[in-house]
Amino acid sequence: MTFFIKTFGCQMNVNDSEKIRHLLEAAGLIPSAGEESADVIIVNSCAVRAKAQEKIFSYIGQFPRAKRVIVAGCVAQVEKRDIFKKKVRVDYVVGTHQFYRIAEIVDELNNGGSPGSAVAFNRQWQELVPAAQARSSQVTGYISIMEGCDNFCSYCIVPFTRGREKHRPLAAILREAEYLAGRGYREIILLGQNVNHWHDARSGSSFPDLLGQLAARVPVRWIRFITSYPGYHDRELVRVMAENRSIARHVHFPAQSGSTRILRKMSRNYSRGIYLGIIRAFRAAMPGMKFSSDFIVGFPGESDRDFQLTLSLLEQVEYESVFSFIYSPRPRTRAAALAQELPAAAIKERLYALQETQAGIQLRNNRRLLGETIEVLIVEKHPKKAGEVIGRSESYRVVNFVSTTPIGEFAHVKVTAAGPHSLRGEEIRPQPHD
Ligand code: SAM
Ligand code: SF4
């Protein structure tokens with residue numbers, strides 16, 4: 001029996017799909033190259049914006065009704081059995097805390113079982129480490145360290161899709177990191193909705209302690225983590241990062257808005273001033289520190305002045321990259337009750353203005369690197385250009401260059417061209433000794 005997993009959404013979903021694949025392979029199922037040849041399709045879904053959710057149903061709609069389809073993840077958790085009322089055929093609905101049952105559910109369906117759902121939340125951390133062959137990359141290893149969120153930002157559906165926060169025990173995280181380093185992984189990315197709120201109840205370790213221990217014990221070149229919530233910032237993090245060079249000098253630090261007034265309406269518990277203070281503290285300790293962020297435009301009540309404050313925050317921080325989204329009202333969130341006074345066209349204009357401002361910043365940042373030699377991790381072959389590879393810099397910039405160095409190795413690249421979204425370069429090879 002064969003299966004295909006289609007993943008929508010964030011890196012947490014990618015990591016969940018790795019876990020699902022691991023469980024199905026362990027049960028003897030075979031991954032197929034595409035949807036057509038698969039007996040069962042698992043759709044790992046994203047509900048964060050309405051558009052993401054719609055995409056899932058149009059994806060399922062393309063399959064013949066004879067195909068078995070399981071909707072897993074965030075949409076499954078929110079919609080539950082209401083999914084069966086949609087026009088598309090779905091065989092099973094599996095929520096975010098029920099992935100561990102996936103093999104048993106596929107088996108049940110295979111033996112003629114009827115449609116059903118598994119959507120209960122579970123307070124316990126479920127330990128599951130995907131084998132290397134079930135992972136999406138053999139270079140970058142994802143490690144989930146916490147799940148869920150207790151913040152209830154007024155626009156966000158995540159506390160309803162992922163449940164309350166639960167934290168993975170320290171020993172299990174260290175074990176997975178050591179396992180990945182032992183398999184030759186070059187970087188690890190710690191995952192969670194608010195990684196900087198992680199703590200280990202038994203040892204009392206905080207997130208900076210965890211990073212310190214990983215840096216001391218796990219021989220990978222770059223340790224990264226996403227996502228950090230500015231409201232949980234602990235100044236110990238700055239100290240631990242400054243002391244450990246294997247923690248990448250790049251933090252994804254979503255601001256959402258540059259206006260304190262809007263941040264309050266979003267129930268984010270920091271102000272523009274506090275946010276900028278944290279950025280300054282990082283840069284005082286590590287002058288080369290880089291940041292990326294998420295922004296929402298068109299939140300109800302966002303005035304032109306509020307939006308200008310967002311643009312000025314972009315300029316002040318000079319982010320390496322930014323994900324920007326049009327506000328999408330989501331069920332069960334408090335903001336869904338707020339009236340939207342801005343016309344859709346005006347919100348779109350703000351989105352384009354934000355993206356244009358950010359593209360200008362990225363071009364400026366990237367041009368500063370012209371002529372410099374930077375270290376990059378080669379992550380894949382270029383899909384279209386023979387002989388070329390794609391590398392990632394420490395701050396996650398895309399760097400294209402010609403190379404025969406194997407995937408997963410580091411290279412030194414002299415930057416020869418800079419665009420807003422990527423760099424081009426020439427590999428500098430070490431000279432052989434005379
Ligand atoms: N926990 C992270 C944080 O607080 O920064 C964010 C996780 S969320 C899954 C990813 C991003 O989606 C958010 O940073 C936000 O910019 C965006 N997002 C969440 N809810 C949204 C909504 N209702 N409309 C538009 N964008 C939204
Ligand atoms: Fe959503 Fe806010 Fe939690 Fe992030 S911190 S997942 S935006 S509720």
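Predicted model: local features only at pLDDT ≥ 70, side-chain atom pairs only at ≥ 80, totals over all residues.

Me: What is the phi of Y396, then?
Reply: Y396 has a positive phi of about 75 degrees, although it is not a glycine.

Me: And how accessible is Y396?
Reply: Its relative accessibility is 28%, so Y396 counts as partly exposed.

Me: β16 and β17 belong to which arrangement of strands?
Reply: They belong to a closed barrel of five strands, which runs β15-β16-β17-β19-β18 with mixed pairing. From one strand to the next, the twist averages 50 degrees.

Me: In what sense do β18 and β19 pair?
Reply: Strand β18 (residues 410-418) pairs with strand β19 (residues 423-428) in the antiparallel sense, over six bridges. Within that pair, H412 stands opposite I428 of β19.

Me: Let us move to the open sheet. What is its strand order?
Reply: The six strands of the open sheet have the order β2-β1-β3-β4-β5-β6, and the pairing is parallel. β2 (30-31) and β6 (116-118) are the edge strands, each pairing on one side only.

Me: How many bridges join β1 to β3?
Reply: Five bridges join strand β1 (residues 2-7) to strand β3 (residues 40-45), and the two run parallel. K6, for instance, stands opposite V43 in β3.

Me: Which strands does helix α1 touch?
Reply: Helix α1 (residues 11-26) packs on the sheet and touches β1, β2 and β3. The direction of α1 makes about 170 degrees with that of β1.

Me: And what about α4?
Reply: Helix α4 (residues 102-110) also packs on the sheet, where it touches β3, β4 (68-73), β5 (92-94) and β6. The direction of α4 makes about 160 degrees with that of β4.

Me: Staying in that part of the chain, where is E79 found?
Reply: E79 is found in helix α3 (residues 74-79).

Me: Buried or exposed?
Reply: E79 counts as buried, because its relative accessibility is 17% and the cut-off for buried is under 20%. Leaving aside neighbours within four places in sequence, E79 is in contact with Q53 and K86.

Me: Where is K80?
Reply: K80 is found in the loop between α3 and β5. K80 has a positive phi of about 50 degrees, although it is not a glycine. At 31% relative accessibility, K80 counts as partly exposed.

Me: Now the helix pair α7 and α8. At what angle do the axes cross?
Reply: The axes of helix α7 (residues 207-217) and helix α8 (residues 235-243) cross at roughly 10 degrees and come within 8 Å. Angles under 35 degrees count as roughly parallel, and α7 and α8 are therefore roughly parallel to each other.

Me: Which residues make the contact?
Reply: From α7, the contact is made by F207, P208, L211 and G212; from α8, by E236, L237 and V240. These residues divide into five nonpolar, one polar and one charged.

Me: What is the peptide bond from I226 to T227 like?
Reply: That bond is cis, with omega near 0 degrees. T227 lies in the loop between β11 (222-226) and α8.

Me: How covered is strand β13?
Reply: Strand β13 (residues 290-297) is mostly covered, with seven of its eight residues buried.

Me: And how many bridges does β13 make with β12?
Reply: Strand β12 (residues 250-252) is joined to β13 by three bridges, and the two run parallel. The bridge partner of V251 in β13 is F291.

Me: How many bridges join β13 to β14?
Reply: Six bridges join β13 to strand β14 (residues 321-326), and these also run parallel. D294 stands opposite F323 in β14.

Me: One last topic: which residues surround ligand 2?
Reply: Ligand 2 is surrounded by C149, N151, F152, C153, Y155, C156, V158, P159, Q193, N194 and R268.

Me: How does that shell divide by class?
Reply: The shell around ligand 2 has seven nonpolar, three polar and one charged residues.

Notes:
Residues numbered from 1 in each chain as written. Chains lettered and ligands numbered in written order. Heavy atoms only, no water. Pairing = 2+ DSSP bridges. Helix = DSSP H or I, 4+ residues; strand = E, 2+ residues; numbered from the N terminus. Axes fitted to C-alpha atoms, helices over the stretch in contact; angles between N-to-C directions. Contact = heavy atoms within 4.5 Å. Parallel < 35°, antiparallel > 145°, perpendicular 65-115°, else oblique. Nonpolar A, V, L, I, M, F, W, Y, C, P; charged D, E, K, R; others polar. Buried < 20%, exposed > 50% of the residue type's maximum accessible area, 1.4 Å probe, protein only. Near = heavy atom within 4 Å.
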